[in-house]
Amino acid sequence: MRVAGAVRPRLARATAAVRPRIARLARAAAPPAPGTRPRTWQYTAGAATAGLALAAGVVTAAGPWHATGQRTAERDRAAALERTGGADHGYGSGTAAGAPRPAPSAASVLAGLGAAAGPVRAAPAGGGLAGVLDPLLDDPVLGDRRAAAVADLTTGMRLYGADAGTALTPASTTKLATAVAALSALGPDHRLTTRAALEPGSGDLVLVGGGDPTLSAREDTGGAASLRTLARETAEALKKRGLRRVTLSYDTTLYAGPEMHPIGVNDNLAPVTALMADEARTDGSTSGPAPRAADPAADAADAFARFLRGHGIETTAPGPAEATGRARSLATVSSPPLAALVERMLTESDNDLAEALVRHTALATGKRPDFAGASAAVAARLKSLGLPVAGASFHDGSGLDRADRVTPGLLTALLVKAADPARPELRPVLTGLPVAGFTGTLTSRYTEGAAGLVRAKTGTLTGVNALAGTVVTEDGRLLAFAFLTSGATDPQAAQSALDRAATALAHCGCG
C-alpha cells in the first residue's frame, strides 16, 4: 500500500505527459478509409509504439532504478541468464518458518516485442534487407561515402552488408568501443575514487584526483561523488588530529601526457585531467556543449579549499604537487559504478566521461594513460575479445578526433558482444543507448514512426553522420545496425536519412 501510494502520483504525471504523444501515434495507426487495404505493419508498429511510449513515460517517472543508478531490469536480466528465479528482495523478521521465497526475475528486456513468454526469434538471412536499405542508403544527402551493416543480435549472423569492412570516421559511435573496452577491463562495479591525503608529520594536505569527471561541487550532486562531502569528512579528520590549518595542494599525476585534445579548446570537452568538478562546466549545465574552465584541477582545488574553510579549516592557496607514497588518506568519495557511468556516457554522448574511461582502461591494462596509450588499450582490449578490429584506428575515446576509423562490422560486433549471455558485464552498452523519441541524444528524433523501437548511439562531426544501435522489427526480432557516412553537406538532411533507414528496419518483416 505504501509503495502504491508513493508511485501513484508519478504514474499519473507520466500518463498525462505521454498522452499527447500516444494520441498522435494512435492517429498514425488508425484504420484506413473504407475501400482501401489495411496495412498490417501500421497497426503493429502503431500499437507497439504507443505501448512503448506509455511504458517509457512510466519508467522515466517511477523507475525502475537501482540505488547506484543502474537500470535494474538489465541487472535482473543478466542474473536470470545464470539462474532461475530472482534474488531474495525481502528482509526476514526471524519469525518465518522458512527462508523467504525468491522474488521473480524481471522479464527479459532484450527480447523483441511479444517474445516475453519465449525465446527471441533469430532473423533469417536473405535479400529482403538489401531491397529495403540499398535505396535509402543511396540517398545523395548522405555524402559520397557510406558503409553499413546489420546483424541478428541473438545469433550474431550478418544479415546485410554494404562495404561493412570499410573503415570510416565514426564520430561519437566510437564510444561503443570505449564502453566495451572499459567494462571488460574494469568490470561494471568499478568506481572512480577521489581522496584527501595528509603527509605524515606535517600539515600538508593533498587533494588527489582519481580521474572522476563527474565529481561534483554542487549541493545537489545527482548521485555523483560530492566534493563538499569530501571536504566535510576531511575537516572532521583534521580536527581529530588537532589540525585547523593546512598547506593545500592537488595531485593530477594519475594521468600522463597533454591535457588538451587535438581539437583544441572546445565546448564539447574540458582539458583531460585526473581532477575536475562537474566536468569543469562554468554555466551550471549537466550535459551537452558548455564553456569550460581553462584549468579544471585548480578550480576544483579552489572549491575544495572554500568548503574546508566553511568547516573551520584554514588553507593556503592550493598549488600542484604529487602525494608521496606515505601520505595517509583522511577521506574518500567514489563515483557511481562503472555500469552507470557507461550508461550516462552513451545516453548523453558525454565526451569527458569517454576520455576518462579510456584512461582508466589504459591504467587497468598496463598502458600509459595518455591519448596514445589509452587508444592502444582500447584496440588491444577489443582484439582480446575476438572482435574484428581490422581497419580500425583509435586516437581518443570520445570520437572527436577525425583521425578515428571504425568499420560498421566492428560496431555491430560490439553490440552483439554486449548481448552475449556469457558477457553480462557488457550489458550497460545496450541499456545506455538512447531510446528513440525519449532519452538522451534521440529525445527529439523518431517522434513519429519508430519511437521506442530504435535505440542508438549517434555520431556527428562536420560532414560526418553515423548511427549504430539496436532495433525491434515488426515481427519481434532484435537487430544490431551500423550506418557510417561522410561527405554530407547538409547535416540535418543526412541525419533524417539515417533515421529513415533505421525506421525502415523497425517496420521491415523481411529476411
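Residues are numbered from 1 along each chain as its sequence is written. In this predicted model, local features need pLDDT of at least 70, side-chain atom pairs count only at pLDDT 80 or more, and totals for chains, interfaces and linings use all residues, while side-chain values use heavy atoms, with hydrogens and water left out.

**Exercise 1.** State the average pLDDT of the protein and locate a stretch below 50.

*Solution.* pLDDT is the predictor's confidence in each residue, from 0 to 100. The protein averages 82, and 75% of the residues score at least 70. Over residues 6–124, however, the pLDDT is below 50. Where pLDDT is low, the predicted coordinates should not be read in detail.

**Exercise 2.** Determine whether the residues of strand E10 are buried or exposed.

*Solution.* Strands are DSSP runs (E, at least two residues), numbered from the N terminus. Buried means under 20% relative accessible area, and exposed over 50%, with partly exposed in between (1.4 Å probe, protein chains only). In E10 (residues 464–472), nine of the nine residues are buried, so the strand is largely enclosed by the rest of the structure. In a regular strand the side chains alternate between the two faces of the sheet. One side of E10 carries Val464, Ala466, Ala468, Thr470 and Val472, the other Asn465, Leu467, Gly469 and Val471, and both are covered.

**Exercise 3.** Identify the strands that pair with E10.

*Solution.* Two strands pair if DSSP finds at least two bridges between them. First, E9 (residues 454–461) is antiparallel to E10 over eight bridges, with Val454 partnering Val471. Two residues separate these strands in a hairpin, where Gly463 has a positive phi of about 80 degrees. Next, E11 (residues 478–486) runs antiparallel to E10 through nine bridges, with Thr470 partnering Ala480.

Notes:
Contact means heavy atoms within 4.5 Å. Helices (H or I, at least four residues) and strands (E, at least two) are DSSP runs, numbered from the N terminus.
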